[in-house]
Amino acid sequence: MADVISFVIQATPPARLDKALGRDVPQDASLSRSRLAKLIADGAVQVDGAVVTDPRFRVAEGAQIDVAVEIAEESHIVGEDISLEVVFEDDDLIVVNKPAGMVVHPAPGTPSGTLVNALIYHCGDSLSGVGGMKRPGVVHRIDKETTGLLVAAKSDRAHHHLAAQFAAHTVERRYLAVCYGVPDANDPRLRGIKGTSFEPGNILKVQTFLGRHKTDRQRQAVSFTTGRHAVTRSRIVEPLGSPPCAALIECWLETGRTHQIRVHLAHCGHSLIGDPVYGGRRKLSPKAVGEAGVAAVSAFGRQALHAATLGFEHPVSGEFMQFEAELPEDMSALIAALGYKG
């Protein structure tokens, strides 16, 4: 079964068929340029009644276009009735505040109970189809034990546009984290670590390559010769303890690599409290944070990292949208126990 989308090429069309279709296809068809290119290659596009499979075909103004689009198939991923904190939703996208412990996408070790399972159930028939299948378009991920904001596309058009923004690094993503020590420009140790520098305003910049660890494939590791370029910036929100021995910090990404913030902060000696992979075993002084602070750190069972701010251009309206998610209860309790004054 297929729906046929019919329209006419408007004045002064681009020279290539794929670009002309991308410009003139009705918006409510929710077809991205990449999806249109595949439809052309599959022989699903007719120009004035003749099938055209060459994306470079020169199409003229007034040409009649018919695109046969297969009705989106049901996803092989099963929807599950899992509670979601929806921050924003419309016909094209959904923004959620992910809790700790939830994996974003099904994988061999976690085939169910994921955010995607929850989104398929929640969105139901409002999923118009991404790549020909009724599924949410996940354009970025956050780690299982990291909390905070995540956007997913509900249409092919939105998926393409959001993915392009993430690829171009134009999406605003800011995280709140609690780290060991205080990453301050006055610390001479930090200035001696390769890949670290400070920018005006006491902003720590970490710039390295990131890739798979040589012996542990579940970990990422810093490199200066191979891997993917990665840049993280952070600033101190408030030192914690007296004298300070930890800090609430804000981090933002120029790139978005796996475990990037966790690896970069560990590289410069300021690993996240609770991080079971990169945090190491560190104890804070009871004199600095009290017995309650020491106990809170010891009991904190995940990396203290929260995706607090997410901003992007809406894929249809073009409006810049920004969302905020408050610290979850466990991180709020942690910084309170460490003497956070706000």
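Predicted model: local features only at pLDDT ≥ 70, side-chain atom pairs only at ≥ 80, totals over all residues.
The protein contains eight helices and 18 strands. Along the principal axes, its C-alpha atoms fill a box of roughly 80 × 40 × 40 Å. Of the 342 residues in the protein, 48% are buried. The accessible surface amounts to about 16,500 Å², and carbon and sulfur atoms account for 50% of that surface. When contacts between residues at least 6 apart in sequence are considered, 65% of them join residues at least 24 apart.

A pair of aromatic rings is described by the distance of the centres and the angle of the planes. Two aromatic pairs were counted in the model. One of them is formed by F88 and F323, whose ring centres lie 5.6 Å apart with 40° between the planes, a tilted arrangement. This pair links distant parts of the chain, since F88 belongs to strand β6 (residues 86-89) and F323 to strand β18 (residues 320-324), 235 residues apart. F88 has a relative accessibility of 23% and therefore counts as partly exposed, because the limit for a buried residue is under 20%. F323 has a relative accessible area of 10%, so this residue is buried.

F323 also pairs with F312, again in a tilted arrangement, with 6.0 Å from centre to centre and 35° between the planes. F312 is located in strand β17 (residues 305-313) and F323 in strand β18, so this pair ties together parts that are 11 residues apart in sequence. F312 is buried, with a relative accessibility of 0%. Through these ring pairs, F88, F312 and F323 are linked into a cluster.

Aromatic rings also take part in contacts with charged side chains. The charged end of R174 sits over the ring of W252, at 4.3 Å from the ring centre. In the case of K194, the charged end sits over the ring of F224, and the distance to the ring centre is 4.5 Å.

Strand β6, which contains F88, pairs with β7 in the antiparallel sense over three bridges.

Burial in helix α1 (residues 17-24) involves L17, D18, A20, L21 and D24. Viewed down the axis of α1, the buried residues fall within an arc of 165°, so they line one face of the helix. An α-helix has 3.6 residues a turn, so residues three or four places apart point the same way.

Terms used: Residues numbered from 1 in each chain as written. Heavy atoms only, no water. Phe/Tyr/Trp six-rings, centres within 6.5 Å; stacked < 30°, edge-to-face > 60°. Helix = DSSP H or I, 4+ residues; strand = E, 2+ residues; numbered from the N terminus. Buried < 20%, exposed > 50% of the residue type's maximum accessible area, 1.4 Å probe, protein only. Lys NZ or Arg CZ within 6 Å of the ring centre and 35° of its normal. Arc of directions from axis to C-beta. Pairing = 2+ DSSP bridges. Contact = heavy atoms within 4.5 Å. Areas by Shrake-Rupley, 256 points an atom, 1.4 Å probe, with all protein chains shown as cover.
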